[in-house]
Amino acid sequence: MTNKPTFLHQNKPMITAMVQATNPDDLIQLVRTAAFDGADAYGFQCEKLERKYQNEETVRNIFDAMAPRPIYATNYRFFSNEGKSDDEIAKGLLWLCDMGATLIDVLGDLYCPTQYEITKDHAAIEKQKALIAEIHAKGCEVLMSSHTLTFMSTEEVLAIAKEHQSRGADISKIVTAANSEEEELENLKTATVLRRELDIPFLFLSGGTHNHLHRAFGPMFGSCMWLTVPLYDQCATPSQPLLRSIRAIRDNFDC
């Protein structure tokens, strides 16, 4: 267990390559491209993979291709998960633990969907805590995420991050938005507050029209990793920067 890869206790922010594809062949090609470009870790978005490929043999082959780098795994409600209940989503997260994932993404509104993905329902929160404990018992790390996709004040972002922390998450992930230069600069200021106030690592990102500065330099302000893409194809998230560009930034800055 001591040699197991981890997203925690890193000396520098990690460059995580988000590899998204509907089939395993394309996905493994992205993994190889990311490896040559210097990825430190991979992000596997299970919901993007067609359901017929979501089986033990296929996913283990994908994870073997990612070894020995740590694997961040999501199982969001959309794409191939359309129509699934949150209990089914949670069962999928536990399955990803068994397949070999390192870091599991638990939505902040799992079991009680809300506009900003952060439930305040007591019963749902207790179920989240129980799920997080089960993930930890399997030897995996937990990232709790809230994609608000709207600009929020520093106080609002910090409140969400502290909720993630209180529920047992190892990393807090919050994606808001910035639709002006002023909002993007405010988000960078918020990152410095998260760095001072949180007891766990965080990943704070901007969507919206003004996200490039935050996405490229967020880890210099405290975020624990970059989410990047090996290349821009039909499945890539456009707001995520190109891996090799971020590698050049990190290699030439003392962060």
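The second largest pocket is lined by 14 residues, and those nearest its centre are Phe 7, His 9, Gln 10, Pro 201 and Cys 224. A pocket here is an open set of points on a 1 Å grid over the protein atoms alone, with protein on both sides within 12 Å along at least five of seven lines, and a lining residue has an atom within 4 Å of a point. This is a predicted model, in which local features need pLDDT of at least 70 and side-chain atom pairs count only at pLDDT 80 or more, while totals for chains, interfaces and linings use all residues. Residues are numbered from 1 along each chain as its sequence is written, and side-chain values use heavy atoms, with hydrogens and water left out.

**Pockets**

- The second largest pocket holds about 250 Å³ of space, a volume being the space filled by probe spheres set on grid points that are joined across faces, edges and corners.
- Its lining has 7 nonpolar, 5 polar and 2 charged residues; Ala, Val, Leu, Ile, Met, Phe, Trp, Tyr, Cys and Pro count as nonpolar, Asp, Glu, Lys and Arg as charged, and the others, Gly among them, as polar.
- The largest pocket has about 460 Å³ of space, and of its 24 lining residues Gln 45, Tyr 76, Phe 78, His 147 and Thr 237 are the closest to its centre.
- Strand 3 (71–74), strand 6 (171–177) and strand 7 (202–207) are the elements that give two or more residues to the lining of the largest pocket; helices (H or I, at least four residues) and strands (E, at least two) are DSSP runs, numbered from the N terminus.
- By class, 10 nonpolar, 8 polar and 6 charged residues line the largest pocket.

**A cavity**

- There is 1 cavity of 30 Å³ or more in the structure, where a cavity is a set of points at which a 1.4 Å probe fits but cannot get out.
- The largest cavity has a volume of about 40 Å³, and its lining includes Met 18, Val 19, Leu 30, Pro 230 and Asp 233.
- That lining divides into 8 nonpolar, 1 polar and 1 charged residues.

**Strand 5**

- Strand 5 pairs with strand 4 (residues 103–107) in the parallel sense over 5 bridges, and pairing needs at least two bridges found by DSSP.
- Val 142 in strand 5 is the bridge partner of Ile 104.

**Nonpolar cores**

- The largest nonpolar core has 62 residues, and Phe 44, Phe 63, Met 66 and Ile 104 have the most contacts inside it; such a core is a set of buried Ala, Val, Leu, Ile, Met, Phe, Trp, Tyr and Cys residues joined through side-chain atoms within 4.5 Å.
- Helix 3 (residues 86–99) gives the most to this core, with 7 residues.
- A second, separate core of 13 residues includes Ile 118, Ala 161, Ala 191 and Val 193.

- Thr 154 lies in helix 5 (residues 154–166) and counts as buried at 8% relative accessibility.
- Not counting residues up to four places away in sequence, Thr 154 touches Glu 186, Lys 189, Thr 190 and Val 193, a contact being heavy atoms within 4.5 Å.
- Ser 180, in the loop between strand 6 and helix 6 (181–197), is buried with a relative accessible area of 19%.

Conventions
Buried means under 20% relative accessible area, exposed over 50%, partly exposed in between (1.4 Å probe, protein chains only).
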